[in-house]
Amino acid sequence: MTKSLILILGDQLTRNLKPLDLGDKSSDVVLMLEVQEEATYVKHHKKKIVFLFSAMRHFAKALENEGWDVDYVALDDQENLGNFNDEVRRALDRHTPERLVMTEPGEFRVREMINSWPDAFGIPVDIMADHRFIASHDEFRGWADGRKQLRMEYFYRLMRRKTGLLMNNEGEPEGGKWNFDSENRKPPKGEMSFPTPLKVKPDAITQEVINLVGERFSDHFGDLEPFWFGVTEADAKKAFDVFIDAALPKFGDYQDAMLEDQRFLYHAVISHYINAGLLNPLDVCQHIADEYTAGRVPLNAAEGFIRQIIGWREYVRGIYWLKMPGYLDQNFFGASKSLPDFYWTADTQMACLRAAVTQTKEEAYAHHIQRLMITGNFALIMGVDPKQVHEWYLAVYADAYEWVELPNTLGMSQFADGGLLGSKPYASSGNYINKMSNYCKNCRYDVKQKTGDDACPFNPLYWDFMIRNRKKLNGNPRLGQIYRNWDRMDIVKQTAYLATAKKFLDEII
Ligand code: FAD
Ligand code: DLZ
Ligand code: SF4
């Protein structure tokens, strides 16, 4: 008889799971489930589904090769009932285990579902902590408790101390500073050469999944092929090595740059691997720290990268679990406009948005500044309902799971939490985009024009946003100068800004 049925979810594809450590190959069964509901509760990008199902199938095979008994329910199995509840119930009938064991899920929605299983199925359910994360839920709560502001920077220092990453023997940060961002954020300049992320040719398993997704999810956003993501731990490690050799030294310098014909620049393109379990976040950071110690990468690159993972990634997860479920419904500005259609079609004359959406459609990837300062910024200043923005980001990126996507979107990008994550909204005019990218050169709009039919829409919409939300933002010390600039502007110019914004929203969107 099966002692434990070990459920492994689609974003837990690692041996670094407590239930596997404690499990017994001779008496336990591993359960993995491809279910329609997970692929459609938001209509995930086709490439994201291929990536996850193929990675799940490869992981199941690897466990079998190690001697585990794996019960794998594929999406096209005749009896598959299409959701976790029904499929777990069926598996319990098949195996009649003493208990169900699993690692905690990443998403609140799934956690609630699992919480109902002991009663619903009359079986003990052991839910173990996810040790891929550096901070436990209690540790984050302990840090957050009683603090007025939950700034990432302070939490990050705690994580640096905890991991010892980039800390010297005296317990001080390498280079005498915690953060080297002032050396980053360079605009792209002159002739630059760019590496290409590792592209893996689909094997027979991946090809089978591509065919399945093509048949079952043809109405989902995004191009199915060419599909080049790795789907195993070995692929992911190779991709990470390619990044280290070819891109890491320049990662910091050009972290915020954007170029129309360069989709990846010096970014790692590994978030989908980390989030699904194919790469371990702490191992990744240790590797980067070792590269710095060996003198192969500058400190600004190593620190900048490590901060994204042990800082931002851990921090947003902490915020998510601290604030859910209420977090999902936050809407500080009361924004209610619908997400424009061009977020799905890329059919817009704004070159920056066209490029970001086209790339998202083709690659299920956009880098951070495209997400924050192009698609996010536009939705923010236009006044789109943050829930719609959230659902878009959750659907379209291969790395998107609610625990990481929601705080980044609703908090960092849309300021819908009223400033829990960021001290001011990431709203900008076209000037920032022009400085950091080459998009404006090929745009029907003129970034230098502030008002009128040819003005870059970001220019009037920026002011429209600031004025529309003035009551809510007035007390923000970081925005005082901006409002003073507005107040000094002559009324004709102010009126022209707001009229241009209105015309654009009424006629173009
Ligand atoms: P790099 O730029 O090379 O960074 C290295 C790694 O740092 C990433 O692989 C990632 O693991 C981590 N990282 C960097 N920034 C963040 C961050 N803000 N939060 C968490 N981890 C971070 N990231 C996701 O993993 N999933 C999401 O669903 C997601 N949604 C986002 C939505 C918005 C609106 C914004 C502004 C950002 C979002 N991010 C998300 C963060 C970031 O954009 C991606 O992690 C990054 O673009 C992934 O590409 P990369 O691997 O090339 O990252
Ligand atoms: C994202 C996703 C998709 C598309 N499909 C599955 C699936 O069929 N089976 C599965 O176990 N997990 C899937 N996932 C990942 C889950 O949505 C993820 O594990 C939960 O959101 C919990 O974080
Ligand atoms: Fe985007 Fe404005 Fe530049 Fe056009 S001019 S690419 S809309 S920022």
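Close-up 1. Asn80 sits in the loop between strand S3 (69–73) and helix H4 (84–95); helices (H or I, at least four residues) and strands (E, at least two) are DSSP runs, numbered from the N terminus. At 15% relative accessibility, Asn80 counts as buried, where buried means under 20% relative accessible area, exposed over 50%, and partly exposed in between (1.4 Å probe, protein chains only). A polar atom of the Asn80 side chain is 2.7 Å from the backbone oxygen of Glu34. The backbone oxygen of Ala74 is 3.0 Å from a polar atom of that Asn80 side chain. A polar contact here is a pair of N or O atoms within 3.5 Å; within protein, one must be able to donate a hydrogen and the other to accept it, and residues adjacent in sequence count only if both atoms are side-chain atoms.

A word on the model: it is predicted, so local features need pLDDT of at least 70 and side-chain atom pairs count only at pLDDT 80 or more, while totals for chains, interfaces and linings use all residues. Residues are numbered from 1 along each chain as its sequence is written, chains are lettered from A and ligands numbered from 1 in the order in which they are written, and side-chain values use heavy atoms, with hydrogens and water left out.

**Close-up 2. Ligand 2 and its neighbours.** There are 17 residues around ligand 2, and Gly10, Asp11, Leu33, Val35 and Glu38 come nearest; a residue is near a molecule or strand if one of its heavy atoms lies within 4 Å of it. Look for the side chain of Glu38, which has an N or O atom 2.5 Å from an oxygen atom of ligand 2. Leu33 uses a polar backbone atom, 2.6 Å from a nitrogen atom of the ligand. On its own, ligand 2 has 480 Å² of accessible area, and the protein covers 99% of that; accessible areas come from the Shrake-Rupley method with a 1.4 Å probe, and for residues only the protein chains shown count as cover.

**Close-up 3. The shell around ligand 1.** Ligand 1 is surrounded by 28 residues, with His267, Ala268, Val269, Asn275 and Tyr365 the closest. Val269 puts a backbone N or O atom 2.7 Å from an oxygen atom of the ligand, and Ser271 has one 3.1 Å from an oxygen atom of ligand 1. The side chain of Asn408 holds an N or O atom 2.9 Å from a ligand nitrogen. Of the 820 Å² that ligand 1 exposes when taken alone, the protein buries 99%. Which elements give two or more residues to this shell? They are helix H12 (271–276), helix H14 (299–323), helix H17 (368–382) and helix H19 (402–413), and H19 gives the most, with 6 residues. The shell has 15 nonpolar, 9 polar and 4 charged residues; Ala, Val, Leu, Ile, Met, Phe, Trp, Tyr, Cys and Pro count as nonpolar, Asp, Glu, Lys and Arg as charged, and the others, Gly among them, as polar.

**Close-up 4. Ligand 3 and its cysteines.** Met350, Cys352, Cys440, Cys443 and Cys456 are the closest of the 13 residues that surround ligand 3. Helix H16 (351–363) and helix H20 (430–436) are the elements that give two or more residues to this shell. Sorted by class, the shell comes out at 12 nonpolar, 1 polar and no charged residues.

Close-up 5. The structure holds 41 aromatic pairs. In one of them, the rings of Trp228 and Phe229 have centres 5.1 Å apart and planes at 70°, so this pair is edge-to-face. Rings of Phe, Tyr and Trp (its six-membered ring) pair if their centres lie within 6.5 Å; planes under 30 degrees apart count as stacked, over 60 as edge-to-face and the rest as tilted. Trp228 and Phe229 are both buried. Elsewhere, one aromatic cluster includes Phe342, Trp392 and Tyr397. The charged end of Arg371 sits over the ring of Tyr397, 4.0 Å from its centre; that calls for NZ of Lys or CZ of Arg within 6 Å of the ring centre and within 35 degrees of the ring normal.

Close-up 6. Most residues other than glycine have a negative phi, and most peptide bonds are trans. The peptide bond from Glu225 to Pro226 is cis, with omega near 0°. Leu265 has a positive phi, near 45°, and is buried at a relative accessible area of 2%.
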